[in-house]
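Hi,

Here is the structure I promised to pass on. Have a look at it first, then read my notes below.

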Number of protein chains: 2
Amino acid sequence: MTQTDIPGYTYGTDAVPRSPVSLQELELLKATLLLGDEDLAALRRSGALLAPKVEEILDVWYGFVGANPHLLAAFSNADGQPDEQYLAAVRRRFGQWILDTARATFDQAWLDYQHEIGLRHTRRKKNQTDGADAADHIPLRYVLALLVPITTTLKPFLGDDEAMHQAWVKAVLLQVILWSHPYVRDGDF
Amino acid sequence: MTQTDIPGYTYGTDAVPRSPVSLQELELLKATLLLGDEDLAALRRSGALLAPKVEEILDVWYGFVGANPHLLAAFSNADGQPDEQYLAAVRRRFGQWILDTARATFDQAWLDYQHEIGLRHTRRKKNQTDGADAADHIPLRYVLALLVPITTTLKPFLGDDEAMHQAWVKAVLLQVILWSHPYVRDGDF
């Protein structure tokens, strides 16, 4: 975790409930994803490349979301109008998420915060953090599918380094899987 | 679909119920995955490379599952013994799945069969097709995570062709997302 002044960024604080996934289950999941020590090292190398480019990366990602009405819907109210304040609030945490992913801590505090992020995509917590009045959840299929645009558009920012790119694919897949927990029927995750 | 004599391979038959996902939703999902015409072409090119290698590929995949007790559990009974007949029956359909994925039809019959495949991973239909007595479901997290070992181990069989590999990553992600539908709470997919 990192001390920041980003509203709603609660990573590492008492406000984050314990993840229902154990550290042992996390290790088995990492093994299934072939996510090993070389990937952790590659992620950490990527941080130095990405940190100065966070705003540029977010411009690309927000451009993609903005160009796809079915994705922009997550940030839009019942009249279909995007909520600019909500978009801006999420953007700050999204930038911090890039840095946190590159840090690749993958410990209990990180695991707990992944569950919190997952909840914030679902009917249970969507909009609450920012007091927004947008769609009440993001369909899980889009949460999972965003793996591709996120990691594909990241590639040039990683200098087309294949080891770093693969590590990012694994790290983002690991996270969207953890985010899926609250979407899934009890006992089926 | 293809006429085969593979037991339980019901793709394109009346035995397969209609998918709850519409073709229009499939198109939006493909767009989110950046899965376009070049990917369909790359998948179809991959078929000629993969068809003569199906058994070799399955050897690699089964080797991975066999080396990971938390994955082999899907094929094991309450005593922890792997069911060899069940493994062999699934293997034949898994081989056909490689060819079907490379065909990249992505039409209504294909969409319907994806839902059927998803159901066969869950408590609703696991074991039924083969009359097996193994674990009653495969946790969704492993279904999703297998994207990485499947597409990574496929790479050499694709001659390390990056366009084909990326197309396979997108096509497998598309499918595991569709397979997740029966795992997800009503209305949240």
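A quick term first: a salt bridge is a side-chain nitrogen of Lys or Arg within 4 Å of a carboxyl oxygen of Asp or Glu. This is a predicted model, so local features need pLDDT of at least 70 and side-chain atom pairs pLDDT 80 or more, while totals for chains, interfaces and linings use all residues. Residues are numbered from 1 along each chain as written, chains are lettered from A and ligands numbered from 1 in the order written, and side-chain values use heavy atoms, without hydrogens or water.

Now the interface. Between chain B and chain A there are six salt bridges. In one of them, Arg185(B) pairs with Asp186(A) at 2.9 Å, N to O. Another joins Arg185(A) to Asp186(B), again with the closest N and O atoms 2.9 Å apart. Both of these last two residues sit in the segment after H9 of their own chain (helices are DSSP runs of H or I, at least four residues, and strands runs of E, at least two, numbered from the N terminus). Arg185(A) is partly exposed at 30% relative accessibility, and Asp186(B) is exposed at 66% (buried is under 20%, exposed over 50%, partly exposed in between, with a 1.4 Å probe and protein chains only).

Over all chains, the count comes to 32 salt bridges. One lies within chain A, where Asp39(A) meets Lys170(A) at 3.0 Å, N to O. Asp39(A) is in helix H2 and Lys170(A) in helix H9, so the pair ties together parts 131 residues apart in sequence. Asp39(A) is buried, at 8%, and Lys170(A) is buried too, at 10%.

Cheers
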